Amino acid sequence: MATAAPPRCRRAEDAFRIHEDVPSTEDAEMNGHLHEDEEEEGEPMEELDDQESNFSESSEEEVIDGNIQEDMEKLQNAFPGFRHRYRLIKRIGEGTFSTVYKAEDLQYDRYDNSWDFEKETEKWSAPPLKSFTTQSSMTLESTIGSTPESQQLQQRRKPKFVAIKKIYVTSSPNRILNELELLHDLRNCPSVCPLITAFRQTDQVIAILPYFRHSDFRQYFREMTVPDMAIYLRSLFTALSFVHARNILHRDIKPTNFLYDPATQRGVLVDFGLAEREGVDCKPCLCHDDPLNRKNRLRAAHHASSAPHNGYPKQDTRPSRRANRAGTRGFRAPEVLFKCTEQTTKIDIWSVGVILLTILSRRFPFFNSADDVEAMIEIATIFGQKRMRAAGQLHGCMFETTIPTIGTAGFSLERIILWSTCRSDGGEKLSKYEQMAVDFLNRCMELDPGRRISADEALEHEFLSLGAEASTVETETVTEEDEMDILKV
Ligand SMILES: Nc1ncnc2c1ncn2[C@@H]1O[C@H](COP(=O)(O)OP(=O)(O)OP(=O)(O)O)[C@@H](O)[C@H]1O
Ligand SMILES: [Mg+2]
């Protein structure tokens, strides 16, 4: 097995290093895939469909489908020694870039488990391992001797679970490396699911993450009270505050990437597959210019294009605009749709806003566009032509439409929520807490990223302080569902 990361000593401050083999023909072929997920124009096109990509572990069949069983066998055979380390249990997720399995960590006791967030909430205490050794220098037999410590260890038989993310071999090596590196940088961030380790065998990479019990968003979002929403968002913004402080954009904030357990009211942010560092691959955009300069440049551009012309040139010689548009449809910020070339961490805040709008309106998916133009139409229908035009101009774009349903002024988010929750007829109003949530939503769904609230500011907002009195729900380490998994050996 080619080990990609050192054994699990997550406190180690050394830089994350991937073991690299001498490039083989296979590696060279994989590089070719880099271009496959790019659009003809050359823009990265990383379109995800949140409605189809994942499934909930709670909705899965108890009997494992034959094909899944076969895939699990293949995975176990691909990595020599796999069966000594992990016992694959079931498939828990299937995304655009990976398949995720739940597995029992058979060698948990042999490593530094500082990543284990469940450890603190356990009623029993795990036996302290005085020194952490690598697998090569210690065997399981030698660990379990007859000392009191080892007797304690033998008593501790609550299984520990991990999530094994099998990244599709068609993913570009750069993308894989990027995800692992960012996860390594984000170690010790609260509410961010840490990377335990990673392995590579020829072109197959697997990332090992702590298993986090969670429910399907679609099963609980309609029942959430306003304080529930605040607790959920507090956890998500805590993660984003740390991620953004390290100048990292997640780029794919959506319910399936924030694993949340309504029973314990804890959540973790996962999936840094599309994440990037702020400022990488950036070109100056008008939105970062000072307002006067922007006005003058827009005026000049408008003047140049307002000369009479018949139709459009066959050969448009204007350079095409390239911008990162990675993300999931329905969750993309307006500046992403307007192809801003200087995107910031604020794109994640917009996506959180879409999640909150979904919860408050009790509609999932809230936005359901087929492409970016439709996505702009959806946003413009709510915010109105006037504000949408101004939002486009910020990035040097003209937004014009003759669609009659897009009014000049649009609608308030309050109205949208009342409509979508069928409260528009009787002159009903939002409750005091709902109004507080809507005020917060307005700050997250600011069309201008410069005015949009930051994660740190969000954590100071009165709405999120509703979620500050963290829930004290008792956390049972091994759930009924886990017990069932143990039985299915
Ligand atoms: N640490 C974990 N604990 C439990 N389940 C997990 C964990 N990590 C991922 N999953 C499950 O696997 C799913 C897919 O994981 P992830 O988002 O990392 O993969 P992906 O291929 O990038 O997905 P997508 O393309 O849908 O965004 C998650 O939505 C979740 O249900
Ligand atoms: Mg995902």
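**Close-up 1. Crossing of helices α8 and α11.** In this predicted model, α8 crosses α11 in a right-handed manner, meaning that the near helix is turned clockwise from the far one by less than a right angle. The contact joins Met-229, Leu-233, Leu-236 and Leu-240 of α8 to Asp-348, Val-352, Leu-356 and Ile-359 of α11 (C-beta atoms, placed from the backbone, within 7 Å). By class, seven of these residues are nonpolar, none is polar and one is charged (Asp, Glu, Lys and Arg are charged; Ala, Val, Leu, Ile, Met, Phe, Trp, Tyr, Cys and Pro nonpolar; the others, Gly among them, polar). Helix α8 spans residues 226-245 and α11 residues 346-361, with an angle of about 165° and axes 12 Å apart (lines fitted to C-alpha atoms over the stretch in contact; angles from 0 to 180 degrees between N-to-C directions). The two are therefore roughly antiparallel (over 145 degrees). Helices are DSSP runs of H or I with at least four residues, and strands runs of E with at least two, numbered from the N terminus.

**Close-up 2. Packing of helices α13 and α14.** Helices α13 (413-420) and α14 (432-444) pack at about 120°, their axes 10 Å apart. Leu-413, Glu-414 and Ile-417 of α13 meet Val-438, Leu-441 and Asn-442 of α14.

Close-up 3. Among the 24 residues around ligand 1, Gly-93, Gly-95, Thr-96, Ala-163 and Asp-271 come nearest (C-beta atom, placed from the backbone, within 6 Å). The shell has 12 nonpolar, nine polar and three charged residues.

Residues are numbered from 1 along each chain as its sequence is written, and chains are lettered from A and ligands numbered from 1 in the order written. Local features need pLDDT of at least 70 and side-chain atom pairs 80 or more, while totals for chains, interfaces and linings use all residues.

Methods. Angles under 35 degrees count as roughly parallel, over 145 as roughly antiparallel, 65 to 115 as roughly perpendicular and the rest as oblique. Two residues are in contact if their C-beta atoms, placed from the backbone, lie within 7 Å.
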